[in-house]
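Please read them with the structure open.

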Amino acid sequence: MKDFICPRPVPRAVNWNRIEDDIDLDVWNRLTVNFWLPEKVPLSNDVQSWSQLTDEERQLTIRVFTGLTLLDTIQNGIGAPALMPDAITPHEEAVLSNIAFMEAVHARSYSSVFSTLCSTSEVEEAFRWSAENEHLQAKSRLILDEYDSPATPLKKKIASVFLESFLFYSGFYLPMHWSSRARLTNTADLIRLIIRDEAIHGYYIGYKFQRGYERLPEAERAELKEFAFSLLFDLYDIEARYAEQLYDGLGLTEDVKSFLHYNANKALQNLGFEALFPDDACKVNPAIMAALSPNSDENHDFFSGSGSSYVIGKAVATEDEDWDF
Amino acid sequence: MQLVYFSGGSGNTARMIARLGLPATRLPLRASAPPVEVTSPFVLICPTYADGSGRHAVPKPVIRFLNNPAARALLRGVIASGNRNFGPTFARAGDVISAKCGVPVLYRFELAGTDTDLTRIRSGLARFAAFEKETSCLMQA
């Protein structure tokens, strides 16, 4: 009888010397070069700054970080693994396993912040809060519903890009806000490492989405695009309420919403779609932009500046074996 | 002023160029493709692929193109794109090309650019072309 049972398929051994999609190798290299652990960030230098925050500000910060921990936990255990069965190349699966692991590092690093700065009871309270918070639970469920549907691989990718490139930002706003006021600057350094990773994850999953999407007939493409915009609207509704609940007390909600619009547009661009929110709705507080990317002031380029003067060639790493000059 | 651009896996630069609505030459992805020849002064539009320390910011097809001294001699400026989520290495390809080739970074934008970016690039290119023409006349005089 045993002869009639279809044997379990054995995967192909992954050969990194035979690359089917150059982007797999590029992204693998970037992710591995960028590898980091929270121990490399001197979080204890923030102890004094932490003690200068009000009780309300501290509670908000811990709650925001437990919310971010939840998203990283989902992406580590469910999101990135859910994309593996749909991988086109064996290298793509390897990249997804790296993405999954880095999400675990991110989730772990919030606990490093907690153990360095906070009391156990404050942290326990915040984890309880996040487990019961209706908005956090609602947005998680919308994403998980897609991850649980094996029949629609491209919808899983859309949900994954929205998590990576949009849902984190209601939380990332706060450490950037503190950093712009010279508060918790080491914690902000750690968050910037997370933001850098999530940007590559959103780019890569969005790239793989586009490769699948372009092969579909027009009608299916239209249906998927409609799904993407409708999911984004639903997530945005929840995010707007979540932002109000968190940030109304500090009077920051409108500022946070501009940041959400700006990031929603970037998530759509990762998927190859056009922006949803008009530029006027995306005017992010310049202090937040400066905290996000220090040293990239837009005023010394020719088009934004006064006109006829510009500076050539700052000192940057220009070495690359491919340059002939 | 002619435009030359590279667009990679995300297709963001290509989508920006399509919306910009100005004629532009795309650099091929593959080394085996026939090289792009330029015959008049041009501005390069280039995305950034740097790692965390800023290395390998300029895509290899762009490096191949700029390794040709004839192309380099006609390069007048660079418009660089990237993602501010990469912090200090945002649009780093522009800084590298500027330093290597001695041309200015004209503008930086994110991903496929916003409508505001497109407006600034169109008017900036027009001003820059006029500025360049004036400078080359002065040099000849």
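This is a predicted model: local features need pLDDT of at least 70, side-chain atom pairs count only at pLDDT 80 or more; totals for chains, interfaces and linings use all residues.

1. Make-up of chain A. Chain A has 12 helices and 0 strands. Read along the sequence, the pattern is α-α-α-α-α-α-α-α-α-α-α-α. The radius of gyration is 21 Å, close to the 20 Å that the globule rule gives for 325 residues, so chain A is as compact as a globular protein of that length. Its C-alpha atoms fill a box of roughly 70 × 55 × 40 Å along the principal axes.

2. Packing within chain A. Of its 325 residues, 41% count as buried. Take the contacts with a separation of 6 or more: 78% of them come from residues 24 or more positions apart.

3. A residue to check in chain A. A:Ser140 sits in helix H6 (residues 134-147) of chain A. Is A:Ser140 buried or exposed? It has 21 other C-beta atoms within 10 Å, and the cut-off for burial is 20 or more, so A:Ser140 is buried. Leaving out residues up to four places away in sequence, A:Ser140 touches A:Leu70 and A:Ile74. A:Gly77 is 63 residues from A:Ser140 along the chain, and their C-alpha atoms are separated by 13 Å.

4. The sheet of chain B. Here 5 strands form an open sheet, in the order E2-E1-E3-E4-E5, with parallel pairing. Strand E2 (25-26) and strand E5 (105-110) of chain B stand at the edges; each has a single partner strand, so one side of each lacks a neighbour in the sheet. Helix H4 (residues 92-101) of chain B packs on the sheet and touches strand E3 (42-46), strand E4 (75-82) and E5 of chain B. The direction of H4 makes about 160 degrees with that of E4(B).

5. Bridges, strand by strand. Strand E1 (residues 2-5) of chain B is joined to E2(B) by 2 bridges, and E1(B) is joined to E3(B) by 4 bridges. Another 5 bridges join E3(B) to E4(B). There, B:Val43 has B:Gly77 of E4(B) as its bridge partner. E3(B) is mostly covered, with 4 of its 5 residues buried.

6. Contact between the chains. On chain A, 43 residues are in contact with 47 residues of chain B. Helix H1 (22-33), helix H9 (185-213), helix H11 (253-270) and helix H12 (286-292) of chain A each supply at least two residues to the side of chain A that touches chain B. Which helix gives the most to that side? H9(A) does, with 8 residues. By class, this side of chain A has 18 nonpolar, 14 polar and 11 charged residues.

7. The nonpolar core. The largest nonpolar core has 123 residues. A:Phe162, B:Cys46, B:Val78 and B:Leu106 touch the most other members. H9(A) provides the largest share of this core, 14 residues.

8. Around B:Val78. Setting aside neighbours within four places in sequence, the contacts of B:Val78 include B:Leu44 and B:Cys46. B:Gly94, B:Ile97 and B:Ser98 are also in contact with B:Val78. B:Val103, B:Val105 and B:Leu106 complete the list.

Terms used: Residues are numbered from 1 along each chain as its sequence is written. Chains are lettered from A and ligands numbered from 1 in the order in which they are written. The radius of gyration is taken over C-alpha atoms; the globule rule is 2.2 Å times the number of residues to the power 0.38. A residue is buried if 20 or more other C-beta atoms lie within 10 Å of its own, exposed if 12 or fewer, and partly exposed in between; C-beta atoms are placed from the backbone. Two residues are in contact if their C-beta atoms, placed from the backbone, lie within 7 Å. Two strands pair if DSSP finds at least two bridges between them. Axes are lines fitted to C-alpha atoms, for helices over the stretch in contact, and angles run from 0 to 180 degrees between N-to-C directions. Ala, Val, Leu, Ile, Met, Phe, Trp, Tyr, Cys and Pro count as nonpolar, Asp, Glu, Lys and Arg as charged, and the others, Gly among them, as polar. A nonpolar core is a set of buried Ala, Val, Leu, Ile, Met, Phe, Trp, Tyr and Cys residues joined through C-beta atoms within 7 Å.
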